[in-house]
Amino acid sequence: VLIHEVYEQQLRSQRSELKRLQSQINPHFLYNSFFVLSRLIRSGDPGKASRFSEYLGQYFQFITRDAPDEIRLEHEVQHARAYTEIQTVCYDKRVAVLFEELPPAFHDVMVPRLILQPLIENGYKYAFDDKLHDGRLVIRFEEADGGERDSPPRPVIVIEDNGERLTDKQLETMRRNLEHFNTFIDESTGMYNIHKRIQLKFGPGSGLQLSRSALGGLKVVLLLLQGEGTTRG
């Protein structure tokens, strides 16, 4: 009974935090986007301005609408891609992005809402904020090994950057905090929140893993290891 009560309390807490995250729109991102849109219009490139407006519309529709706590991974990735397209224009070729296509086998996997875009946002905020050129961001998809025959897909999402500000000490602190995230019950934002929501959905063994990227910056791995009871769309 106590285990069930703790689980229900965690679930209510995560749902409340998700609603808060959905309602929280970064004002800097908002007005910077409109400044960029104005610049595109004045530059006489209506095609690019139109595409940028569509990405903005998709982004804010996803963020502000009242939707289920869990969505198909395909839709989560579509939102993250729209956000990345917006930032690609805002950073004006300072960051080169490789965003791989989501494998069809992963499309219907149900995931907690808003687990991918905030991690990409962290990259722009901490890795590229002071980078004047040659920024690199990679988002790719793999499948975890070890699944039984005919078992559900086991998606792995990898986000890497070539930021130069992350020190080994900072990385070790971040990893240690993730490993002991249950003791940081008041930590309700950023990757710790995402880690908790993934583990609440998929169970032990899932969540985030942090390491040094071969590109030089941070490597974040999202493990969505489905077990019994995991639902699909």
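Tutor: A residue is called buried under 20% relative accessible area, exposed over 50% and partly exposed in between, with a 1.4 Å probe and protein chains only. The model is a predicted one, in which local features need pLDDT of at least 70 and side-chain atom pairs count only at pLDDT 80 or more, while totals for chains, interfaces and linings use all residues. Residues are numbered from 1 along each chain as its sequence is written, and side-chain values use heavy atoms, with hydrogens and water left out.

Student: Are Y59 and F60 buried or exposed?

Tutor: The rings of these two residues, Y59 and F60, have centres 5.0 Å apart and planes at 85°. Rings of Phe, Tyr and Trp (its six-membered ring) pair if their centres lie within 6.5 Å, and planes under 30 degrees apart count as stacked, over 60 as edge-to-face and the rest as tilted, so the pair of Y59 and F60 is edge-to-face. As for accessibility, both Y59 and F60 are buried.

Student: How are the planes of Y124 and F128 arranged, and what is the pair called?

Tutor: Y124 counts as buried at 1% relative accessibility, and F128 is buried with a relative accessible area of 0%. Their ring centres lie 5.6 Å apart and their planes are at 70°, so the pair of Y124 and F128 is edge-to-face.

Student: Which residues form one aromatic cluster?

Tutor: A search of the whole structure finds six aromatic pairs. The residues that form one aromatic cluster are Y59, F60, Y83, Y91, Y124 and F128.

Student: Why are helix 3 and helix 4 described as they are, and which word gives their orientation to each other?

Tutor: The axes of helix 3 (residues 46-64) and helix 4 (residues 73-90) come within 9 Å and cross at roughly 135°, the axes being lines fitted to C-alpha atoms over the stretch in contact, with angles from 0 to 180 degrees between N-to-C directions. Angles under 35 degrees count as roughly parallel, over 145 as roughly antiparallel, 65 to 115 as roughly perpendicular and the rest as oblique. Helix 3 and helix 4 are therefore oblique.

Student: Which residues of helix 7 make the contact with helix 6?

Tutor: Helices here are DSSP runs (H or I, at least four residues), numbered from the N terminus, and helix 6 (residues 168-179) packs with helix 7 (residues 190-202) at an angle of about 35°, with their axes 10 Å apart. Contact means heavy atoms within 4.5 Å. Helix 6 contributes M174, N177 and L178, and helix 7 contributes M191, Y192 and H195.

Key
Helix = DSSP H or I, 4+ residues; strand = E, 2+ residues; numbered from the N terminus.
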